[in-house]
Each structure stands twice: as structure tokens, then as C-alpha cells.
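This report describes selected features of a structural model.

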Amino acid sequence: MKIVVAMSGGVDSSVVAGLMHEAGHEVIGVTLQLYDHGAAVGRKGACCAGQDIHDAKRVADKLGIAHYVVDAEARFRASVMSEFADSYASGQTPVPCIACNQHLKFGDLLQMARDLGADALATGHYVRRIEGAAGAELHQALDASRDQSWFLFATTQEQLEFCRFPLGDYASKAQVRDVAERMGLAVAAKPDSQDICFVPSGSYADIVGKFRPDALEAGEIVDEDGGFMGTHQGIARYTVGQAKRLGLPADAQGEALVVRKIDPGTRRIVVGPRTAASRVVKLRDVNWLAAIPSSGLRAQVKLRAREIPQAAVITADGAGVALLLDAPALAAPGQAAVFYDGSRILGGGFIAA
Amino acid sequence: MIYLDANASEPLRPEARATALAAMEVTGNPSSVHQAGRAARRVLESARESLAAQFAARAQDIVFTSGATEANALAVHALGRGRSVLVGATEHDAVRAAAPKAAVIPVLPSGLVDLLMLDQMLAAYPNALVCLMVANNETGVRHDIAAAAWACAAHGAILHVDAAQAAGRCREDWLKLGASSVALSGHKAGGPPGAGALVFSSAHGEHVAPLLKGGGQERGWRGGTPALAAIAGMAAALDQPYEAVKIAEYRDELEAFCVGIGGQVMGADAARMPNTLCVALPGVRADTQLIALDMAGVAVSAGSACSSGKVAASHVLLAMGMGDLAGQAIRVSLPWNVTQADCTAFKQAYEMMARRALHRNPVPLTQAQFAN
């Protein structure tokens, strides 16, 4: 087969390229240049390409495969970074990696792979694609600590058919590093990448402020009756359910207060007890990787990237898709709610405001 | 591999190779006083005299550099002192980066510099240094150097021309047309990479302020031991005959073919270098085209590649007002030794690429359809 491998310059995607090459496929390595590295680290005159692109090129050279760098800066800025900032400014908590997977990796890059006449697109994501009776199914990775299925829920069935995720079958990252070592790849011991790639300083609020300064304007913290509790330095610094950075004393019962609602119009952060959470969660932009249920579907759902799945009933009707959780929870608008049946991803959506 | 990226670097000319190899056998530094030094100096000065004859200049007005980038930077540095600098909108980054504060002379949609605007700008910036390329590296569009020089002279301005793409491929005495200096490249003419030259008119050679002072080589104009072999190879390469008519025929053949599949030629309304074809395929990213052609064994380029290899939208085509097409054009630049077989292979690969990317039926043409 002719396979395009999305190579980030990290150990995971490098191993994928090596595995595909060893399997005898014609491999075309592609690295998406997502942002100007020189500008991101604030070094004037620095090359636009970071170390990762050089690493990807070295790996491709070592393997003896073709490698190309594709300019995705404008697209990344518009559909990931700017959306990221807008989402915070509207009082939500975005997941940029999902947007990047959706628009760049499984959007533009996959289309490019098709244009090039490739048979598949392989990535270094830790998920499994299993051929089912009704087409490809998306499953969690064998290594639960590495599983990235939550970030891939928006992959459409059509995209999934075209994708390959060889690392989902590995029991641990250590095994992947061993493979890199065996292949003689210089990136074998390279540290794992950070959470949000375009925030090298770790301060996401700075990036939000560049696009949407209004999201960092001061505002009031109030209780659920509108009573003044304190002030904050921008709604972008808060997420529904968050207890940190509020600077408030515990309530009468000794429970910490948490963010219950973020109102972008008044820039108010509404706080209250965590216990008063709701069981209903409305979703938007839902993607199904299984048949759409005609009646309430019992499944496990994950409302955050790293949490134990919880039981819920999913309803899909004319009014949209909603969850009825067995136990109440504070769902943060903008985050994803992903539906699981065992290891299989049935679909998911974004938590509506 | 079918190599159709001559504007990035021409294949080495056999005569340049032989001359460079002979120069490499010469042990010695041209600055040394002994016999070996004199032998090396002889190689260097022969190359200088050869360039002087080729470009209607005096040998003492020629300074060797590491390439056209340095030659352009030196021209801006040496001639731009105390003058406003005006650069054409489609100039190479070598010039644009050397004069970051320069006023930009717009180009017309044809790619030709807007001479009316140049005239107006010269009225506003008397005594300016104007930098124009003879031929554009991406589109092959040839500016009217005589007209630009005339406009400069009328306003007391001076003209530097970047002949990196034109020298060796066309015979034109830019100094005689009124240019004050000419930047040359070795490897763009089929010499080894690593050598270039800045040729001054006799009126401007004397007052050069060096970029690199170094050990006072090149009569103090440019420090550093000269790259003897590359310089000798450059002089030989530039002196080779160029089969412009034959190469233009091949180019026209490819051009007609690409247009037949939906390609749109950039700069088609202007006089162009015979070897260059810049063609956009509307709706198809340039990097997709480039990768598909590379996978088919055909080397072309697009826009200006950064050191990472990333293909950005072409500033040249943007300046020509081409909008989205600026990110959808590839450059096919035929080398001096291009063959009919190269052209046929290109057409086959282009057809496959275009059909697939345009979501048409990916069926290759039969050989019969290529015969013409």
C-alpha cells in the first residue's frame, strides 16, 4: 500500500513510519507545520521550523522514506488557535487537540493523502481501529494510560475507514521506545510532547489574550443569587467545576466553592457548591461512529480527557443529543462528552453552553 | 529522476566541472607572495577577466562573493549608502532582506514592474538606489532593464540588477543599458555552488564599503580567501552557449499541455526566460502537486521554500495579484541539458497528478496521446 504517515518528529509517529516501512508499504512522511516556531518562542529571526521538524526529517532520512513539510499555519491559526481563544471568550473550555485532529490531521492532511493517491493515512495516536461487521470501529488503546480515543471522537466514519493507528496495540509506551531503539531512531529517548503544542511557555491565557484581550478583562465573582464574592482577572482563567484560583473561603459546610457558570456577557463567574450538580448534559456537534440510537442508549461516557467513565443514558431526538447521567456532575461547556461501549467509541459531542 | 528545477540550481556544466577541478589542483592562496600564490592568483584573475569580457565590465570592477545573495547584499550595502532604496515587489528574498526598509515598487498582473509607478516614486525619492531583477526566479518574467535604467537616469537614481537567473541564459549588457551593478550566481548557470560576483560599472567600482573586512582580499572589498574552484567554475559556466530556442520550444510544449488540463500560466503576458514555466492548477495546493510529482520522480518547485522545506504561498504571485492561485502554482524550470524524454515524463506525471487532485478519472494517457 501507499501510506501517508503524519510525522510530528516525536517518537510515536516516527515508530509508525518505521513500522509501515518495515511492513513493505510505500511510506510518505508528512509533517504539518502548524505555527511559526520562531514566533512562538519569541525569538526574532529564528527559523520558522522547530526542532521537531528537523527530527522528523532525520528519522525519514534514517528510514529512507520520502518526507515533506506542509504549511498548515493559516489553517491552524484560524481553525484551532483562534477558535481556542473564541471559545474561552465565550465562557467555554475548548479542547484544541480535538479541533486539530478534526480539521488538520483528519481533514486537510487526509484529503491531501487522497489527492496523492495514497491508500491510507497512519498516525501515532494511541487508539485501535478494528474492522467490524459494519465497517471500521474505533477502540481505546490497549495501554489505558496512553489512550487518546477521547481526542478522536470527532473522526467521521469515512475518515476512520482511511486511517491506521498501529500504536493502539502496544501495551506500553516503553515498548514503542524499544522499537524506536531497535530501528536506530535518534528520537527514541525524546521526551513526550506537552499538552498544548502552541503554548510552549505553558501559559495558555497569554495566547488567548493575544486573540481575545476581552477574555482577560477583570470581572466579578458572584454567588448563585448574584451576591458579590470577589473579583477575577479574566474569564479565560476559569473552567466550570474548577475550585482553584477563586481565592474564596469554604462555605458553611466546609466545602470548597467551585465555578458553576461563566457568563461572558457580564464577565461574571458564578460560584456555588459542587454538590448541586445536574444530571442532564446537552451536547452539540455530535459525531456517531455507530448506529444512531432510536431510543435511549445506555453507555459509559467520559466528560473529561482523564476520568473514569460514568454511566448515562444517551438520547438522540429532534431536539438534539443529551445525556442523562446516573450521578450528577458539573460538565464544562466546550469539553467533549465521549460515549463508550466497553473499549469501543460509539460517538461523542461537545458539551453545550 | 527527471530534474526540472534549474532555477534552484542548474546541473553542473562539464566545462565548469573541468575548470573547477583544474583549479582545485592548484595549491596556494592568491594572497601569498610565492610561486604557488601567484599560480592561484592567476586562476582567480583569469576568471575575473573572463567575467569582465562577458559582461562588458572592467576586471577591476568585479568582486567575487559567496553567491548572488551576498552580491545583492553587498550592492545594497555599498551603493545604498545615503540613498533611499526602492525594490521591485517580486525581488528575491536576497534583495528584500538586504533592504528591509526599502520602498516597494509594485508590479503589474503580468509580473512586469510598473514603470509608471517607478517614475513617480523616483520623483519622490530623488537620488535613490533601485534594485530590480533581470528575470524572476519563479515566473521567469523579464523586466525591461533598459527602460528602468532610463527612468533612473532621468531622476539621478542608480540601478542595481540581480541577474542570478538571467546571466548565462541570455546575453544582454546590463552595464551598457545603464545599470550601476550586476549580481551574478555561479550555480544558477551550471557552475559549482559557492561562488557569485558583483560587477560594478566603471563609475561605481571605486567606493565600495565591504560587508566583510576580513583580511583585505579582493582589494579590500570582500574579506576571506576566495573559493577558487567555484569561482573558476562559475566563469566557465557563464561562458557556455545556451540553447534558448530549443529550450523555449520544450517549455512551450509543456505549457500548452498544462493549460490543456486546466493549468493557468503565471506571467504569460510578459517576456519570460525561455526555460521557466510557472503554472497554477486552480484549487490544488502547490505542495500537493509538488509531492505528487516528486513521488512520480519529477523534481519541480513551488513558491519559495524555507530551510524546513515548507512551501509557503509565493510572494511573487501575491504581488502580481494572483490571490489564492499564489498557493496553487508550481515552477517548472528546464535545465540546460533538458531532453524530449524529460518533457514526456513530466507530462505523464502532471496528467496523473492533476487528474487525481481534480478528482477526475486517474487514468494515464497512452503513449500515443503524447506523441506529437
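## Basis and conventions

Two strands are taken to pair if DSSP finds at least two bridges between them. Strands (E, at least two residues) and helices (H or I, at least four) are DSSP runs, numbered from the N terminus.

The model is predicted: local features need pLDDT of at least 70, side-chain atom pairs count only at pLDDT 80 or more, and totals for chains, interfaces and linings use all residues. Residues are numbered from 1 along each chain as its sequence is written, while chains are lettered from A and ligands numbered from 1 in the order in which they are written.

## Strand pairing in chain B

Chain B contains an open sheet of three strands, ordered β9-β10-β12, with antiparallel pairing. Its edge strands, β9 (264-265) and β12 (329-333), each pair on one side only.

Two bridges link β9(B) to β10 (residues 276-280) of chain B in the antiparallel sense. Val265(B) has Val279(B) in β10(B) as its bridge partner.

## Strand pairing in chain A

In chain A, strand β11 (residues 268-273) runs parallel to strand β8 (residues 219-222), and two bridges join them. Here Ile269(A) of β11(A) stands opposite Ile221(A).

β11(A) also pairs with strand β10 (residues 257-263) of chain A, in the antiparallel sense and over six bridges. Val270(A) in β11(A) is the bridge partner of Lys261(A). The hairpin of β10(A) and β11(A) has four residues between the strands, and Arg267(A) in this hairpin takes a positive phi near 60°.

## Domains of chain A

An automatic or database domain assignment supplies the domain bounds. Chain A is divided into domain 1 (2-182), domain 2 (217-276) and domain 3 (278-351). The centres of domain 1 and domain 3 of chain A, taken over C-alpha atoms, are separated by 25 Å.

Between these two domains of chain A, 19 residues of domain 1 are in contact with 15 residues of domain 3, contact requiring C-beta atoms, placed from the backbone, within 7 Å. On the domain 1 side, the elements giving two or more residues are β6 (135-140) and α6 (157-162) of chain A. β6(A) provides the largest share of that side, four residues.

## Surroundings of Leu116(A)

Leu116(A) lies in the loop between α5 (96-115) and β4 (120-122) of chain A. This residue counts as buried because it has 20 C-beta neighbours inside 10 Å; the class requires 20 or more other C-beta atoms within 10 Å, against 12 or fewer for exposed and values in between for partly exposed, with C-beta atoms placed from the backbone.

Not counting residues up to four places away in sequence, Leu116(A) touches Val4(A) and Ile28(A), and in chain B Thr288(B), Ile291(B), Ala292(B) and Met295(B).
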